[in-house]
Amino acid sequence: MEPTPQITPNGVIDARRLKALAAHLGFTACGIAPATPVDDTTADTLRHWIAEGHNGTMHYMANHTQLRLDPTQLLPAARSIIAVALNYYPQQQLTPTQYQFAYYAYGTDYHDAVKNRLRTLAAHLHPDFTPNTSTPNAHTPATPTTNTDTTTNNTPTSATGTPPYLICCDTKPLLERHWAWRAGLGWTGKNTNLIIPNAGSYFFLGEIITTLPADHYDTPLPSRCGTCDHCLRACPTGALCRPHHLDARRCLSYLTIEHRGDIPPHLHTALGTTIYGCDRCQQACPHNRSARPTTIPEFAPSPQFLAMQPADWQHLTPDTYRQLFRHSAVKRAKYDGLMRNIACATPPSAT
């Protein structure tokens, strides 16, 4: 049975009931933070990261800085940010005799899975609101492949043109891990990933920025990393150049997904058998010993994907690529990018 309404009679979010609904929808964690500008330390960290060029060719990360630092500029009447986490840790995994993919890419595109659930959550928060049906997919901003800021497209609008909420999942200029921390979901690890207590870091994040206040706001959690540096030592390229700082230009996830040029020859060995993304800093994290397989059906890998052998990947055709990844985040790398990765990686038989 679905939980009872999430709004109190005076128009305030009932945090307890909202979290019950989020759990009912499959989210592992849900928290609420007041929508305010980020603190000076967070703002300075972002600016310095961009100034050092550590965003690589992800130039969109340097765009809309003020929007990233102040969610009320994304939604001027914003009062609260609801942050959620959806588990993607796979029940079935590729074997050591196969090429490796980051776990998040095993199933279908996470944007759809997260945002569909956020739409349901938002509809319960704003039951009297009717999106502008003249715009396709009007409950949510447009969904580019990943992280390409869309600040105006397909935003829900009322008759007055004022949106009461925004749905975000890697497609808005929003510091998602910061808001997950502010909403009490977890803390940011030294590998820059959000770590949820007793659950680990294999999660997709999503947010609803809403004009509604809440009857309770969550408290950020302190770091529990202590002196541990397993993730820093596990990074094969030194991309984690210091705690809480990632140089994307040396990160295998960036190089195999976002980067459009050649992968530097001196980093080929670091790839090993991985041809899309990288989970090594997460696999090394002791907190991921608590990871539990996801029950979200969209994240289950297809039998065709699990059956692919090294020779199948080496002779992958564009048609087979489209069949495998029609509804997958792997499309981000494109066919040519994936074939580049395969050419640079070490065949599993050679290990």
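**Thr 192**

I started with Thr 192, which sits in the loop between β5 (187–188) and β6 (194–195). I took helices (H or I, at least four residues) and strands (E, at least two) as DSSP runs, numbered from the N terminus. Thr 192 is not a glycine, yet I found a positive phi of about 75° there. Its relative accessibility is 12%, so I put Thr 192 down as buried. For me buried means under 20% relative accessible area, exposed over 50%, and partly exposed in between (1.4 Å probe, protein chains only).

Ground rules, before I forget. The model is predicted, so local features need pLDDT of at least 70 and side-chain atom pairs count only at pLDDT 80 or more, while totals for chains, interfaces and linings use all residues. Residues are numbered from 1 along each chain as its sequence is written, and side-chain values use heavy atoms, with hydrogens and water left out.

**Lys 334 and α13**

I then went to Lys 334, another residue other than glycine with a positive phi, near 65°. Lys 334 lies in helix α13 and is partly exposed, with a relative accessible area of 48%.

Which residues of helix α13 (334–344) are buried? I listed Gly 337, Leu 338, Arg 340, Asn 341, Ile 342 and Cys 344. What do they pack against? I noted β3 (100–101), α7 (252–258), α8 (268–271), β8 (274–276), α11 (310–314) and α12 (318–325). Contact here means heavy atoms within 4.5 Å.

From α12 the contact uses Pro 318, Tyr 321 and Phe 325, and from α13 it uses Lys 334, Tyr 335 and Leu 338. I sorted these residues into 5 nonpolar, no polar and 1 charged. In that sorting Ala, Val, Leu, Ile, Met, Phe, Trp, Tyr, Cys and Pro are nonpolar, Asp, Glu, Lys and Arg are charged, and the others, Gly among them, are polar.

**Cores**

Next I checked the largest nonpolar core, which has 56 residues; Ile 82, Phe 101, Leu 121, Trp 313 and Leu 338 touch the most other members. A nonpolar core is a set of buried Ala, Val, Leu, Ile, Met, Phe, Trp, Tyr and Cys residues joined through side-chain atoms within 4.5 Å. Helix α4 (110–125) gives the most to this core, 7 residues. A second, separate core has 49 residues, including Cys 168, Cys 235, Leu 267 and Cys 344.

Leu 121 is in helix α4, and I count it as buried at 0% relative accessibility. Not counting residues up to four places away in sequence, Leu 121 touches Leu 18, Leu 21, Ala 22, Leu 25, Ile 82, Val 84 and Ile 208. Leu 121 and Ala 22 are 99 residues apart along the chain, but their C-alpha atoms are separated by 7.0 Å.

For Phe 101, with the neighbours up to four places away left out, the contacts include Tyr 106, Ile 275, Phe 305, Trp 313 and Leu 338.

**Aromatic pairs**

How many aromatic pairs does the structure hold? I got 21. Rings of Phe, Tyr and Trp (its six-membered ring) pair if their centres lie within 6.5 Å; planes under 30 degrees apart count as stacked, over 60 as edge-to-face and the rest as tilted.

The rings of Tyr 89 and Tyr 103 have centres 5.6 Å apart and planes at 85°, so I logged the pair as edge-to-face. Tyr 89 is in the loop between β2 (80–87) and β3, and Tyr 103 is in the loop between β3 and α4, 14 residues apart. Both tyrosines are buried.

Phe 204 and Phe 299 are edge-to-face too, 5.1 Å centre to centre with 65° between the planes. Phe 204 lies in strand β7 (203–210) and Phe 299 in the loop between α9 (280–283) and α10 (303–307), so the pair ties together parts 95 residues apart in sequence. Phe 299 is buried, and so is Phe 204, at 6% relative accessible area. I also saw that Phe 204 and Asn 87 are 117 residues apart in sequence and 6.5 Å apart in space, C-alpha to C-alpha.

**Whole chain**

Last, I took the totals: 13 helices and 8 strands, with buried residues making up 55% of the 351.
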